[in-house]
Amino acid sequence: MRLVSLDILRFLAAFAVVLYHYTARAEANSFPDLAAFTKFGYLGVPLFFMISGYVIALSAYNRTPYEFAVSRFTRLYPAFWVSILITCIVTIYFAQERYTATQILANLTMLNDYLGIDNIDGVYWTLQVELKFYACIFILLLFGVFKYIKCWLSLWLAITICYLLFKQPFFMGWFINPHYSPLFIGGVALYLIHRDGPGTYNLVTLIISAILACYLGFNQSSAFIHNASIQDQYTASLVILGFYVLFYCLVTSKYQLKENGVFLLLGSLTYPLYLIHNAAGKAIIDFYKSTIAEWFIVLVVTTGCLLVSYLIHAQIERRTAPAIKHFFLIKLRSREKLNSHSN
C-alpha cells in the first residue's frame, strides 16, 4: 500500500518551499526571472497536506490509539526540537533575534498558537495544522470509529463546506483548520481509492475536495505572492488541481516504483529540511548577501541545509526516535503482560 513515489513528491514539495523562501521573497533582488516560477513554491505546503491525509489514513489503519500517538510523537518531535535549537542559535548569531524562555518552551510543545505565542520560525504554523489533524485521528481511534472512514469523512466534508459558506461552526478552527481541510480530505479519499478502487463515493469526495481546495487556493494566493495578479491566482488553482490529478494517477496506476535507497533518502530529508531552512537560512543569506553574490550564498545555504537535514535524519530520526518509540511500546507491552497475569 506504501507509495514510493510519495517520497519523491514530498522532497520536491519541500525543495519548492525552500526556493520560494530564498528566491521569491521581496528581499531577494537577484532572482527576478527565477522568481516568476518559484513564487508558486509555497504550494508545496498544500501538497504536503494531501500526502499527509493519505499517509495518516494508511498508518492509522489497524493501530491502537496509543501506537498511533507514539508513532506520531516520535515522527514529529525529536527532529523538531533539534531544529528549534539550530534555528535559535543561527538567528541569534546572524540576525540578532531574541527569544524568551517562555517562547522557546511553548514552541517546543508545538501548541504555542493556543497560548498566543509566536512561532520561532514562521513555517511552523503548518506543523500546528498537521498536529490538529493527528489529534482528530487519535480521537477517532480512541472511540473505535476510525474504521468507519466514509462516515466521519463525509461529516468532516459537510462541516468544512458549512464553515466556508456560513462561518459555522465558528469554533472549527480550534480543532481542525477549515481552510486546509479539503486537502487532508482529498488525501484520505485518495487512500480509499488506492485501497478500494475509484468507486462513486470515493470519486465524488475527491472531486468535491478538489473543487474546494482550488477555490481556497485561488483566494489564499494573495497572502503568499507579493502583488498577486489574477493570472497568479488562477495558476495557483491549476497547480493544486494538478496535484489532485497527479496523485490520482499515482494511486490508480498498476505500475509502482520499487523501493530505492535514493528515493527513501530524499523522503527522509524532507521533514528536517522543511524545519531548518526558513528563518536560519534567510538569516545567513541576509547577513552575507551585501558582500557576496546572493546566488552563491543561496547555493551554499541550500547545500548546507541539505547536509544538516541528513545529519538530523541520520543522528536523530534514525537513532533517537526509534529508541523513544521502543521505550514507550515496551512500556505498553509490560503493562499488558501485567494486566493479563493479574486477570
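Student: How many residues does the largest nonpolar core have?
Tutor: The model is predicted. Phe 80, Phe 133, Ile 137, Trp 152, Trp 156 and Phe 247 have the most contacts inside the largest nonpolar core. Helix α3, residues 44–60, gives the most to this core, with ten residues. The size of the core is 90 residues.

Student: Which residues does Trp 152 touch, not counting those up to four places away in sequence?
Tutor: Trp 152 is among the residues with the most contacts inside the core. With residues up to four places away left out, Trp 152 touches Ile 137, Leu 140, Val 145, Phe 146 and Val 188.

Student: Is Ser 209 buried or exposed?
Tutor: Ser 209 sits in helix α10, residues 200–224, and its side chain reaches the backbone oxygen of Leu 206 at 2.8 Å. Beyond four places in sequence, Ser 209 is in contact with Pro 182, Ile 185, Gly 186 and Tyr 244. The cut-off for burial is under 20% relative accessible area. Ser 209 has 0% relative accessibility, so Ser 209 counts as buried.

Student: Is Phe 170 buried or exposed?
Tutor: Phe 170 is in the loop between α7 (149–166) and α8 (172–175). With Leu 111, Tyr 114, Leu 115, Phe 171, Trp 174 and Phe 175, Phe 170 makes a nonpolar surface patch of about 800 Å². Its relative accessible area is 64%, so Phe 170 is exposed.

Student: What distance separates the C-alpha atoms of Gln 128 and Leu 111?
Tutor: Gln 128 belongs to helix α6, residues 125–142, and counts as buried at 7% relative accessibility. Leaving aside neighbours within four places, its contacts are Met 110, Asn 112, Asp 113 and Asn 119. Gln 128 and Leu 111 are 17 residues apart along the chain, and their C-alpha atoms are separated by 7.0 Å.

Student: Which residue forms a salt bridge with Lys 132?
Tutor: In this salt bridge the closest N and O atoms are 3.8 Å apart. The pair links distant parts of the chain, with Lys 132 in helix α6 and its partner in the loop between α5 (101–109) and α6, 19 residues apart.

Student: Where do Arg 10 and Asp 7 lie?
Tutor: Their side chains meet in a salt bridge, 3.6 Å from N to O. Arg 10 is buried at 17% relative accessible area, and Asp 7 is buried at 6%. The two residues are three residues apart, about one turn, and both lie in helix α1.

Note on methods:
Residues are numbered from 1 along each chain as its sequence is written. This is a predicted model: local features need pLDDT of at least 70, side-chain atom pairs count only at pLDDT 80 or more; totals for chains, interfaces and linings use all residues. Side-chain values use heavy atoms; hydrogens and water are left out. Patches are made of residues with over 30% relative accessible area and no salt bridge: like charges are joined within 9 Å, nonpolar side chains (Val, Leu, Ile, Met, Phe, Trp, Tyr) within 5 Å. Accessible areas come from the Shrake-Rupley method with a 1.4 Å probe; for residues, only the protein chains shown count as cover. A salt bridge is a side-chain nitrogen of Lys or Arg within 4 Å of a carboxyl oxygen of Asp or Glu. Helices (H or I, at least four residues) and strands (E, at least two) are DSSP runs, numbered from the N terminus. Buried means under 20% relative accessible area, exposed over 50%, partly exposed in between (1.4 Å probe, protein chains only). A nonpolar core is a set of buried Ala, Val, Leu, Ile, Met, Phe, Trp, Tyr and Cys residues joined through side-chain atoms within 4.5 Å. Contact means heavy atoms within 4.5 Å. A polar contact is a pair of N or O atoms within 3.5 Å; within protein, one must be able to donate a hydrogen and the other to accept it, and residues adjacent in sequence count only if both atoms are side-chain atoms.
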